[in-house]
Amino acid sequence: MKSLYVRIVFTFVMVAMISGILGLMLTGLYYQNNQQSSNEQKMIDIAQNIKVQYEQNPQMDLNAYLTHIAALGFQIYLARADKQGQAYGSPFKHGKLTEQQIQAVIGGAIYRGMEEQKDRLQLFSYFKNSLLNTAGLPIETKEGMAALFIRPDLQQQIGEIRIIAAILIGLTFMISLVLIVILSRLIVRPVNVLTKATKQIVAGDFDAGLQLSRKDEIGELARNFSVMTREIKQLDQMRQEFVSNVSHEFQTPLTSIQGLARAVLDKETTAEQTESYLTIIEKESKRLSAMSKQLLTLAALDKENKPLNKTTFRLDEQIRHILITLEWQWMEKELQWELDLPDTTIHADHQLLHEVWLNLIVNSIKFSKPGQSIGITLTDSDAITVEIRDSGIGIAEEDLPHIFDRFYKADKARGHSSAGSGLGLSIVHKLVALHQGAIHFQSQPAAGTTVTVTLPRL
């Protein structure tokens, strides 16, 4: 499998080559449409001037005259009907005129060799040192009519420029290749750093340093990667804490259950102690069952979007029913209730909303002090709003952004039995979101907490 570095270098080289080929083809097209006829007409005009100059001075030596003209930077070929043709200046390397072409020019026709060549790469035909690539017209000599063919001697006129241009193009291409190799490595380097950082994260090292000063897409990727790393680190820390908490939550009641059960089985207790121990065993079993239920609920919500089984029911009656169910808990603390629950009908999942109110009301009861009051207000307008207020221990400001984070517990100093597993509000948040609603917390330490849940009516 090719590395990204090799792919980038290969891509740049191919781009350079394809660009060169396309540029050559387009330049050839431009030459064919805009320059070829003009260049050929210039050669015909020059040949016409040579012809006129000689015909006006027929006493001149034609060979000497054409030799001098050729020395000015032209290749000339003079062909007579009954003699072998003669070249002046640099020899022609390619091509040979047919007898028909020569006779046609002697007969008065003009030969346009560049147009007749019809080379696929018209630009190259201009530089081709061929007798066929000439302009020809008739000329009257002392020995009769002849055909004069002429083209520029590019080796003499622009030979040095051609060499310089070839060197320039060659060096430019080679330098481009070197720069592509070097700059591609610079492009790939931050990707390699990200790859190394990814391997470190896989190995459990979340402190991989990344270059965040870049302002381009790689820098943005590095910044997003750093954010992701911090989130993964935080999630891993919460996971470890959750495993520790859950292990403790399960281990503590299991240890109590095992010890009390062993004491009962060994008949080391009185009838009164046995009854007390069995009551404790039942209580601890219920704790384990509630925690297992929370874990299963969260796992089911994570697996996929749970389909809502919506029905129409009275929301105020649902909340009152939950208060009756929890009566023994709030009566034990002698809590007071301030209720404003007008008749309100909602179309939602009855069972899932029951879990929402149960979790929120249980939290308010749990963290309220004896004798305090809890208020619940139900408002029905464009949307349905449920507000639950308590004057309990409250939540610190720095903990508020994390209260819906899974496994997060705001007050880590509280005992495990009262603090719970840190899953309840995560479940509540997910259930409210399933109903396309919103939940908001306002709280201050020692001043209480207000939870506002907004749900659509349908």
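Two strands count as paired here if DSSP finds at least two bridges between them. Helices (H or I, at least four residues) and strands (E, at least two) are DSSP runs, numbered from the N terminus. The model is predicted, so local features need pLDDT of at least 70 and side-chain atom pairs count only at pLDDT 80 or more, while totals for chains, interfaces and linings use all residues. Residues are numbered from 1 along each chain as its sequence is written, and side-chain values use heavy atoms, with hydrogens and water left out.

To start with the overall picture, the chain holds 13 helices and 12 strands. Of its 458 residues, 36% are buried, where buried means under 20% relative accessible area, exposed means over 50%, and partly exposed is in between (1.4 Å probe, protein chains only). Contact means heavy atoms within 4.5 Å; among contacts between residues at least 6 apart in sequence, 68% link residues at least 24 apart.

Now for the sheet. It is an open one, with 5 strands in the order β2-β1-β5-β4-β3 and antiparallel pairing. Its edge strands are β2 and β3 (111–112), each of which pairs on one side only. Helix α2 (residues 62–71) packs on this sheet and touches β1, β2, β4 and β5, with its direction at about 155 degrees to that of β1. Such angles run from 0 to 180 degrees between N-to-C directions, and the axes are lines fitted to C-alpha atoms, for helices over the stretch in contact. Helix α3 (residues 99–106) lies across β1, β3, β4 and β5, at about 110 degrees to β5.

Strand β1 (residues 74–80) is mostly covered, with 7 of its 7 residues buried. In a regular strand the side chains alternate between the two faces of the sheet. In β1, Phe74, Ile76, Leu78 and Arg80 point one way, while Gln75, Tyr77 and Ala79 point the other way. On one side, 7 bridges join β1 to the antiparallel strand β5 (residues 144–152), and Leu78 has Leu148 as its bridge partner there. β1 also pairs with β2 (residues 86–88) in the antiparallel sense, over 3 bridges, and here Leu78 stands opposite Gln86. A hairpin of 5 residues takes the chain from β1 to β2.
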